[in-house]
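Please read them with the coordinates open.

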Amino acid sequence: MNDGGNIAVSPHSSDVIFCVGNLYPNSVWNIAVSHTSNRGANWEHDTLALGSNAFAIEFDPTDANRVYIGGDSAYNYSYPALLVSTDLGRTWTSSRTGLTGRVWTIKADKDNPGVLYCGTYRGVFKSTNSGDSWTATSFTRDTRALAIDPSDARVIYAGTYGSGVWVSTDAGATWTELNAGLTCNRVLSLVARGNPSPMLLAGTEGGAVFRMLPLTGIKTEPLGVSQPVTLWPNPCRTKVRLQLPPNLSGPVAVTLFDHTGRLVRELRMLPGNLAVLDLRDVLTGTYFVRVTGQNWTRVTRLTVLH
């Protein structure tokens with residue numbers, strides 16, 4: 001292999017490992033695929049003479065024989081390459097319908113079979129049919145890395161080249177900047193670690209690794225609340241109103257946290273009352289409103305726009 005490439009370990013068997021990279025024999029670009037079924041003791045090597053480069057590889061979390069390779073045409077970077085194997089690398093077929101731009105990264109949603117995300121230099125794309133076709137999300141920045149929160153598959157993190165880290169809390173529909181404390185905005189890798197010690201790690205071109213508490217790190221499930229806590233408008237700009245069901249036992253504590261878990265606002269209120277939070281001095285971003293009563297807690301996401 002000359003350059004490029006990636007490596008992936010099968011979630012179905014740690015014995016199975018695939019590597020991809022690029023070869024340039026006789027002035028023609030080829031994709032190189034290496035794979036082992038015994039943890040690297042022996043390797044088999046294949047060359048895909050497609051005039052393409054490979055930068056990403058991903059296993060399907062539900063089908064042990066399904067593997068994805070992402071890259072581009074070696075002669076037109078806006079022309080994506082997305083290859084799918086259904087026989088553990090013996091054969092490959094193209095499956096790039098709807099994609100644009102070089103594919104830097106591929107992530108499969110382990111909780112929702114058939115759902116995949118691609119990061120390209122044209123943004124984030126989503127497939128709901130195991131890569132047969134792709135749809136562009138609203139995120140259009142050069143995306144080099146993706147991570148799906150292991151505690152909540154609706155939370156998708158995107159690492160960009162030049163715009164830092166962004167997050168979607170609705171499976172790619174909308175996105176919010178997540179760059180507080182990030183001093184290098186060229187993000188090349190992301191890892192989301194789950195419980196018991198949740199963490200989001202970002203590797204940057206500046207030579208540093210940054211970490212933060214992921215958005216689901218302060219998430220708790222509602223207990224004993226028969227009616228939802230009403231929060232509006234959401235997204236909001238300067239003020240948000242909070243309405244509690246009248247049948248709760250009070251008083252109730254209301255706290256607002258940012259994405260790092262830092263306390264931003266707090267107040268106490270009685271069930272059935274209406275509270276207003278003034279957010280004029282709060283930065284644009286994603287926040288959590290945590291409402292705590294007697295033996296129950298409910299957390300609601302809030303997006304602040306200015």
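1. Strand β22 (residues 252–257) is joined to β25 by five bridges, and the two run antiparallel; strands here are DSSP runs of E with at least two residues, numbered from the N terminus, and two strands count as paired if DSSP finds at least two bridges between them. Within this pairing, Leu256 has Val289 of β25 as its bridge partner. This is a predicted model, in which local features need pLDDT of at least 70 and side-chain atom pairs count only at pLDDT 80 or more, while totals for chains, interfaces and linings use all residues. Residues are numbered from 1 along each chain as its sequence is written, and side-chain values use heavy atoms, with hydrogens and water left out.

2. β25 also pairs with strand β26 (residues 296–304), in the antiparallel sense and over nine bridges, and here Arg290 stands opposite Val299 in β26. The hairpin of β25 and β26 has two residues between the strands, and in it Asn295 takes a positive phi near 70°.

3. How many of the nine residues of strand β25 are buried? Seven of the nine residues in β25 (residues 285–293) are buried, so the strand is largely enclosed by the rest of the structure; buried means under 20% relative accessible area, exposed over 50%, and partly exposed in between, with a 1.4 Å probe and protein chains only.

4. An open sheet of four strands has the order β13-β14-β15-β16 with antiparallel pairing, and its edge strands, each pairing on one side only, are β13 (143–148) and β16 (176–177). Inside that order, four bridges join β14 (residues 156–160) to β15 (residues 165–168), and Ala158 stands opposite Trp166 in β15.

5. Ser130 lies in the loop between β11 (123–127) and β12 (135–136). Leaving aside neighbours within four places in sequence, Ser130 is in contact (heavy atoms within 4.5 Å) with Asp60, Arg66, Tyr68, Gly114 and Leu116. Tyr68 is 62 residues from Ser130 along the chain, and their C-alpha atoms are separated by 9.5 Å.

6. On cysteines, the count comes to zero disulfides, where a disulfide is a pair of cysteine sulfur atoms within 2.5 Å. Cys184 is buried, with a relative accessible area of 10%, and Cys236 is likewise buried, with a relative accessible area of 1%.

7. Leu201 is found in strand β18 (residues 199–204), and this residue is partly exposed, with a relative accessible area of 31%.
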